[in-house]
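Biologist: Could you take me through some of the strands here, one careful step at a time?

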Amino acid sequence: MLTYHEYEKVVYDWLIAKRDNDPNFTFSLRKKVGKGLEKDIFIGTEKSKYFATTFWALRIDYPGSSGEATGIIFKLGKIDYSYFIELNQTNKPHNEQNKAVLRVLKEVCSKLPPDLEYAGSDNESNAMFNVKILPTEPVYVDLNLMFTDIDKQLAVFVPIVDEVLANEKSVNPSFIGQRITNEEFSHWNNKLETRVINNTDFFGALLIKLGEVITEKYFDTLRKLIFDLDLEITSEKVYFNYEKDKLIFGIGQRYVLNIENNQFFRLISKNKVSDNGEEFTSEPKAFLTNYPLDFDLQSHYDDLLIGAKETLAITEKSGFFKFDKKDFREMAFRDNNLITIEKQSADPTLNLILFGPPGTGKTYRLQKEYFKHFTVNESSLSRESYLENLINDLNWWQLISIVSLDLGRTKVRHIYEHELIQIKEKLSSSKTVMPTIWGQLQAHTVMDCVNVNVEKRSEPLYFSKDKDSFWSINEGLLRDNFPEGIEILQEYKDFKPRNNKSVKNYEFITFHQSFSYEDFIEGIKPNLTDDSDNSELKYHIEDGIFKRLCKRAESDPKNKYCIFIDEINRGNVSAIFGELITLIESDKRIGNTNELKIQLPYSKDLFGVPKNLYIIGTMNTADRSVESLDTALRRRFSFEEMLPNAELVSPEKMVYDLWLKHADAEWEDEDWLIDEKNLYTLLSSENLLRMSLLKKKEISELLNNKEVNEKIFKEYFDDNCLNLKLILEKINKRLEKLLSRDHTIGHSFFLGITTENDLYSAFYNKIIPLLQEYFFGDYGKMGLVIGSDFVEEIKESEVNLFAIFDYEDRDLLLEKKVYRIKDFKKEISLFISALKKI
């Protein structure tokens, strides 16, 4: 599913393609740009999930008017897209121009043919004349289909509007209404491109222009090259640069791997591989060759690598390093630890655990940084992988229903031989698929079928068997009981992978004390049916989540897969992994030098772990209730420590994050104004509270142009301001001294805070309970961390506190100091003051 701005871009590209075919085709773009709207292409708002364009300049200026008299409205739903063509004007026009526009719209409606169905209000008693030409389908998931339907409607609608406008103009020469001119469109489009360059990073805009397929092909090759050259991200021997329509990766003074003019790749090679190859004039000998964008770069990769290696060997520092682009370099290296698993040596990131104290963003990092590397477009899948994803979550009776509908009157043998059943068999552990098909057909046969003698049946019932042992399915009953099956069958028949649909090549799970080998690898599970009369309990062998993912990865070797394990050390890891402790090693993976498979205890299947499956986990080092990882498992994982980052909660960063959160809001937006005032008050910054709107707009422009970062807000804070960065640093220094670095507090406890109540809740509901756990309720040590303003001694003056009992340490116990946490709930201002003293 596309985001709002991605949806805008797809519509824009569709309209531009129409203009490429017809240079006189024009359409409207956003002309007025306010705060947060710099990236918008059309009139509309991300909050309302709609945007609009028109093809005509029809001047309307009645009170309250803000849109166009006619145009296409595009809507973004949660899981779909839609559109309609709208005609809109006041029924009480106040001047001749507005009266003429109303006449035009009414005349257009009168000429609409029956196949352009419309709805709305054309009653003159209403305040507005509003008519909507309805879309062919209510909603769409396939944008190509939606654009096809719009084109058909526009082919009828546009000529009608053009004709009516011409007629009005002939009788009313002062009337202003015509198609948008090329000059107007070019002016708006140039302003749009300028905004994109200034407010979306130029590098990002260039990648969008190159397109996903070309960009992915280029970076796959570039990252493989970086890996094989063993380059460090700080290397000055290489440079990364970009210009208009050009990506450049070079070594020394030489181009190595470029995309140029969005028309061809340019590669270095050791040998002359083409007649158009240009030889470098200096040593070592090498050539530079142009290739079309559809060229398979891997076919000449070895020659590319040799040419690059020999150039690198003689290079001390690139003369073009001064032109190096940091964003390009970082992107090239960013994902390099997640590719090239073909190497047979131990891959340090194939099995990775992120570890650190609570609140340092381990799980957040999985979601924001790692998930995307294991998410692919449906269009990149092979047919088999596409079908695996299509039926992956179906049980046997559901799949048999789909196959039966596809085959019509059929035999069990033909059902078994169907492509979808064969894929399901490969993905499952079942060795009795034929009996399973028999059993499911009989269990779901209609009760009045005389050719099936099974007494106990399970809903839904829609199969039938005739006297010749041919099976069939009642499509009407199937539609009533399992309508999704008909849709899945249609998707199977069409086999049209969608560019805008993502496929997750990963699973996310959380280990806990009850998680077992049977959940992870395979186990014996009971058969669960809806038949309450069936008293016979049966069992089957069921694959666990890791085994299922391994099968998917093994059948799709070109794509990467991953299992993410949150809180990996909360489970009994040795028991959960079992014999996998050996199989997950890099060189033991399927297809590698020391490939190893073992026989599983329940299914007796030979099982190995494919080399394109990653295992990435998180581990909370402060949780004393967890199981420790044994040495055998530890040495098979790489560990990356994630420590608290106090910079993320500095006052200037908190303000910057708030501005980023409300980037799409207008300056007068109520939510923005409330959050802004609350945060500035919380941080005790009078300077921010007094900042003028003019100054805010100036800062916003600097931020949008990436001329400054959060540091621009630093001057607005003094020593009297609340500084959560310093507070977190002080708390953690004390915790590290009293306990260890593993028992510090993460920055995430303070993220997203905008009000005093937010901060109070975070401190009393999250941080103090964590400190109580760290110190086993020792409030004296807690006092050493957060101070006497939060921990107070309970003075007990009552001599006869204890019951009458002869105990030798009675007097000593009366002298024991007892502490408690002060509660500032009713005095938030005192809480803020106490916090500043930490």
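Modeller: Let us begin with a pair of facing residues, keeping in mind that this is a predicted model. E279 stands opposite F287, a residue of β14.

Biologist: How many bridges pair β13 with β14?

Modeller: Strand β14 covers residues 287-292, and E279 stands opposite its residue F287. The two strands pair in the antiparallel sense, and the number of bridges between β13 and β14 is 2.

Biologist: Which strands stand at the edges of the open sheet, each with a single partner strand?

Modeller: The open sheet is formed by 6 strands with antiparallel pairing, in the order β9-β10-β11-β12-β14-β13. Each edge strand has a single partner, so one side of it is left without a neighbour in the sheet, and the strands in this position are β9 and β13.

Biologist: At about what angle to β12 does helix α7 run?

Modeller: Helix α7, made of residues 301-313, lies across β9, β10, β11 and β12. Relative to β12, the helix runs at about 60 degrees.

Biologist: Is strand β26 buried or exposed?

Modeller: In a regular strand the side chains alternate between the two faces of the sheet. In β26, L613, I615, G617 and M619 lie on one side and Y614, I616, T618 and N620 on the other. Because 8 of the 8 residues are under 20% relative accessible area, the strand is largely enclosed by the rest of the structure, and the word for its residues is buried.

Biologist: Which residue of β26 is the bridge partner of F355?

Modeller: Strand β15, residues 351-356, runs parallel to β26 and is joined to it by 6 bridges. Strand β23 also runs parallel to β26, with 5 bridges, and there I563 has I615 as its partner. For F355, the bridge partner in β26 is M619.

Technical notes. Residues are numbered from 1 along each chain as its sequence is written. This is a predicted model: local features need pLDDT of at least 70, side-chain atom pairs count only at pLDDT 80 or more; totals for chains, interfaces and linings use all residues. Side-chain values use heavy atoms; hydrogens and water are left out. Buried means under 20% relative accessible area, exposed over 50%, partly exposed in between (1.4 Å probe, protein chains only). Helices (H or I, at least four residues) and strands (E, at least two) are DSSP runs, numbered from the N terminus. Two strands pair if DSSP finds at least two bridges between them. Contact means heavy atoms within 4.5 Å. Axes are lines fitted to C-alpha atoms, for helices over the stretch in contact, and angles run from 0 to 180 degrees between N-to-C directions.
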